[in-house]
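Hi there,

Here is the structure we talked about, with some notes on its charged pairs and its nonpolar cores below. Please have it open while you read.

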Amino acid sequence: MKTFACLSLCLAACTTPAPVAPVEPPAVDTHWSGAAGAGGSSLPVGPRPLGRTTRRMSVEQLDRSFEAAFGGGWYVDGTTDAGYYRIDITPFVAPLLGQPDYLTGFRESADLSTTFAKYLDNAASNLCTRVVIADFAAGATPTLVVSRLPADGGTPEQQTEAIRAGLRHLRLLLHGVYVAPGDVEQTARLEALFRETYAANPLPPYAEAVAWIAVCVAATTDPEFSLY
Amino acid sequence: MLSNRRSFLRSLGLLGAGAALSPLWVPSRALAQAGIDPHRRFVFAYFEGAWDIQLGPDPRDPALFPDSARDTTRIELGWSRLAPSYRSLVTRSNMSFGPAIGRTAEHHDVLCAVRGMTMETLTHPVGARYFLTGKTPAGLNARGSSAGSTVVDQLAAVGPVTEPIPNLHVDTEAYYEGSQAAARPYHAGAGSVYALVNAFTSGIGDALPDLVLATLRGTAGASLLDAYRASAPTCDPAGLSARGAHRELRDAQAKVSEMLRGSLGQAFDFQNVARPEMAALNARYGSARLGSSGTAAAVAYQALRYGISRAVTVRLQRDLDTHTARWATDQPALLNEAFDALGTLLTDLRTTAHPAGGTLLDHTTVLAFSEFSRTPYLNAAGGRDHSLTNACLLAGAGVPRGRVVGASSDIGMEPQPIDPVTGAVRLDAAGRMVRPTEVLASVLQSAGYDTDALRAVGMPCLMA
């Protein structure tokens, strides 16, 4: 019996074709029209290919985008008698946004519904507040606010270039749009919002942070962030 | 500590207070000129999982159909397996109902029971989509718009739609193939009315510190953020969006702002039983138990009462797919809960005055349906499988009152054709089968809506 088993194994080994090293398919990067390829610095700007309709991110894409842009997703946390707790919100609301449960449905809805808009609003509020406050507190490795107004009391009117530098960073971070220094048109609406928010704030010490949160929320809820 | 659901939701920044709601009744002369009843509202109540019509809208008398005659009648009521409270027919006037009909039976005088319908499918999503749209799905894929979308699409084509959530869907699928943005369904649910209850009671800023909130919201009129969004270029920067996705998102954001200003969430804050209105609703519907039939019915009532919606589609019950012995326990209890909620809704609609005169029910058409029904005989597991035969209940405006249309056969409860005018069973060549298409066409046509998309016209016997 043992001999038979050994013979069977030998036969099996003899008849099994030699393993072939898998061939990696060539990388497909044609959708990065305008890009310079790996290591290049150009950005994928320009019209999309014909036939490609605009769509919104899936829930998972949104969550990963939040992770990439803000260093984490939308969560609430706090401390109770039982200790620190943290709840990630996106999985909690994902079914409301169209994520299938794979029981009654298996296709993700990509509706641009009011629920989706409200989710974006709330997520952006949470994320932007968290990041701006952290940036203002730390300052060493800012995530969002790369260009603060000088601490000696400079106003937006006096520090236009500092604001515009921050807004250019915001456009790049959240919209993937590189804005060259001097191109004020690409950040004009955000800049106007920054100034209006700054001016409307009754407590000047916090005006700058509030203004940054405002433009962050505006940019995060902009179609250019969630649609592609 | 996250002490309860409310505190948890508050921690998400989704709860808050708002101004009182005011009814929104704006009849349109343009609608009347277009032949559309300007006051008509719709409730589509879906029983998910395939209901047992013997226990509800299409019963059989056990004296005439004893289980011992199953081989002859191919009907087995199986009442001996049910709880004692579900072992008697409910007979009102000229209409009988199954033992699980609950408080819906109280409204026999305004009901129209449609029996002996054919669904042409035994697949749950196909049947559901067929009844929601009135069109046979292509495979599993729905074709056309759900009825609520059709209604609002035609309204919006005539003039502005004044309801803040004209096409409300709670825990149901919704389809939209129209051209009017206002007809786009608003979904709430996924097991509860969580989104509806909570999402629109507070603004963008409740996750923000008060300081930021005050600044972003502004002190009067539109907030700074609204103004920023309104200043966006009207063209689509991508330039190639066939659906105008940018515009859709901007529209959705504007709708969110509008809802927040109107504090619509207050009407659906069912768990806040400290408020007298919510306490009263909870006493009637049990609406504080989110996800229940009572909550779904209460959503429909509030949406109509406050003029929030033109068409409301709710899932009144779920989990009715009882292939096993749980048919005997779960099916009657689940049906009874849903029919009780439907009955309460009808009571409220009948007792609430409409600003244009009469009651809400005088201006509202209610349709209760399921994707198909269950076999008239029990399977080896003591449950019931899928049956093509179906029934539905209509009530309210544009519907014959206290009437039974059609009948399933007395052998095997098969679908039967009817005379479209009289509603009586008609087995000759002039008889027509009643399908969801005919039911929805009748509902729409009775209110003056166009039914061309269904390629059908209403049946006179289904319209008053």
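Let me start with E173(B), which is partly exposed at a relative accessible area of 30% (buried means under 20% relative accessible area, exposed over 50%, and partly exposed in between, with a 1.4 Å probe and protein chains only). The side chain of E173(B) forms a salt bridge with that of R129(B), at 2.7 Å from N to O; a salt bridge here is a side-chain nitrogen of Lys or Arg within 4 Å of a carboxyl oxygen of Asp or Glu. R129(B) counts as buried, at 12% relative accessibility.

A word on the basis: this is a predicted model, in which local features need pLDDT of at least 70 and side-chain atom pairs count only at pLDDT 80 or more, while totals for chains, interfaces and linings use all residues. Residues are numbered from 1 along each chain as its sequence is written, chains are lettered from A and ligands numbered from 1 in the order in which they are written, and side-chain values use heavy atoms, leaving out hydrogens and water.

Now for the other charged pairs. Over all chains, the structure holds 34 salt bridges. In one of them, the side chains of D109(B) and R350(B) meet at 2.6 Å, N to O. D109(B) sits in the loop between β3 (95-97) and β4 (111-118) of chain B and R350(B) in helix α12 of chain B, so this pair ties together parts that are 241 residues apart in sequence. (Helices are DSSP runs of H or I with at least four residues, and strands are runs of E with at least two, numbered from the N terminus.) D109(B) is partly exposed at 34% relative accessibility, and R350(B) is partly exposed at 27%.

Helix α12 of chain B also carries D348(B), whose partner R284(B) lies in helix α10 (residues 276-285) of chain B, so parts 64 residues apart in sequence are tied together. D348(B) is buried at 6% relative accessibility, whereas R284(B) is partly exposed at 32%.

What about the nonpolar cores? These are sets of buried Ala, Val, Leu, Ile, Met, Phe, Trp, Tyr and Cys residues joined through side-chain atoms within 4.5 Å. The largest has 66 residues, and F47(B), L316(B) and L345(B) touch the most other members. Helix α12 (residues 326-351) of chain B gives the most to this core, with 11 residues. Apart from it lies another core of 50 residues, including A207(A) and C216(A).

Best wishes
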